[in-house]
Amino acid sequence: MVDDEYDSDLMLSGIQHFQFCKRQWALIHIEQQWMENVKTIEGQHVHRKADQPFTREKRGNKLIVRAMPVRSESMKVAGICDVVEFIRDDRGVPIQGADGKYIAYPVEYKRGRPKKSDEDIMQLAAQAMCLEEMLLCRVETGYLYYDEIKHRVELPITSEVKRRVKQTFVEMWDYYVRKQTPRVQYGSHCRSCSLQSICLPELASKRTVRSYVEGKIQE
């Protein structure tokens, strides 16, 4: 692949879509298609509580930064951390505009409750990896705040999870460069997808969307 193919970054948040459904990710990030449903609207409402562009708040030994832009040059991804909490600790790193050294803890806000699947932890780990690259530090712990239970869950960000994040972004870039939308993998998750009426999973699992549309035109 030539360098020009990497002139722009992938959206960091796309890893959550990709883990949920590779086809959903491609429809949004390659084909630029999107539809709202109740869950996406609720999710936007939850994030508005955190997304107060790049504001800082000092609470004792804690520095809270909201809507913090992050980027990884090595993975070619960029995004926004809902919240990054910097806890003062001599084992940490200096933070511009703040006295002392700090350890960073990303906090991601979610509308529902903890999932059995791993898309949320993958997104959180990707944020941690961006912070590591930007701040030249180690980020080994993060938090997922779930609005439905009004509680945040502490999660270790292990080397294994980081390895999987890197592999996943390589796979995402492969689809993106080739402009390829994966075929449907129909399952129970399709019922909660905001792109169900665009994806047509029941039909596309038997035939391609293109052939379906062409058939309707010919009718």
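Modeller: We can start with the overall make-up and then turn to single elements and residues.

Biologist: Fine. What kind of model is this, and how many helices and strands does the protein have?

Modeller: This is a predicted model, and its secondary structure comes to 8 helices and 7 strands.

Biologist: How much of the protein is buried, and what share of its accessible surface belongs to carbon and sulfur atoms?

Modeller: Of the 219 residues, 44% are buried, while the accessible surface comes to about 12,400 Å², with 51% of that area belonging to carbon and sulfur atoms. As for the contacts with a separation of 6 or more, 58% of them are between residues 24 or more positions apart.

Biologist: Let's go to helix 4. Is it enclosed or open?

Modeller: Helix 4 is largely enclosed by the rest of the structure, because 14 of its 17 residues are buried.

Biologist: And what about the span of helix 4?

Modeller: The helix covers residues 119-135, and at 1.5 Å a residue these 17 residues should span 24 Å, which agrees with the 24 Å between its end C-alpha atoms.

Biologist: Where is aspartate 120, and is it buried or exposed?

Modeller: Aspartate 120 sits in helix 4, and it counts as buried because its relative accessible area is 2%, where the cut-off is under 20%. Leaving aside neighbours within four places in sequence, aspartate 120 is in contact with Gln16, Lys110, Lys115, Leu144 and Tyr146.

Biologist: What comes after helix 4?

Modeller: Helix 4 is followed by leucine 136, which has a positive phi near 55 degrees. For background, most residues other than glycine have a negative phi.

Biologist: How covered is strand 6?

Modeller: Strand 6, residues 141-146, is mostly covered, with 5 of its 6 residues buried.

Biologist: What about the turn between strand 6 and strand 7?

Modeller: The two strands form a hairpin with 4 residues between them, and lysine 150 in the turn has a positive phi of about 50 degrees. In another hairpin, that of strand 2 and strand 3, there are 2 residues between the strands, and glycine 60 takes a positive phi near 60 degrees.

Biologist: How do strand 2 and strand 3 run?

Modeller: Strand 2 (residues 55-59) and strand 3 run antiparallel and are joined by 5 bridges, and threonine 55 has arginine 66 in strand 3 as its bridge partner.

Biologist: New topic: where is isoleucine 95, and what is it in contact with?

Modeller: Isoleucine 95 is in the loop between strand 4 and strand 5, and it counts as buried because its relative accessibility is 9%. Apart from neighbours within four places in sequence, isoleucine 95 is in contact with Arg56, Leu63, Phe86, Gly100, Tyr102 and Leu135. The C-alpha atoms of isoleucine 95 and leucine 63 are separated by 9.7 Å, and the two residues are 32 residues apart along the chain.

Biologist: Last one: how many disulfides are there?

Modeller: A search of the whole structure finds 0 disulfides. Cysteine 21 is buried, with a relative accessible area of 15%, and cysteine 137 is buried as well, at 16%.

Terms used. Residues numbered from 1 in each chain as written. Predicted model: local features only at pLDDT ≥ 70, side-chain atom pairs only at ≥ 80, totals over all residues. Heavy atoms only, no water. Buried < 20%, exposed > 50% of the residue type's maximum accessible area, 1.4 Å probe, protein only. Contact = heavy atoms within 4.5 Å. Areas by Shrake-Rupley, 256 points an atom, 1.4 Å probe, with all protein chains shown as cover. Expected span 1.5 Å × (residues − 1). Pairing = 2+ DSSP bridges. Disulfide = S-S within 2.5 Å.
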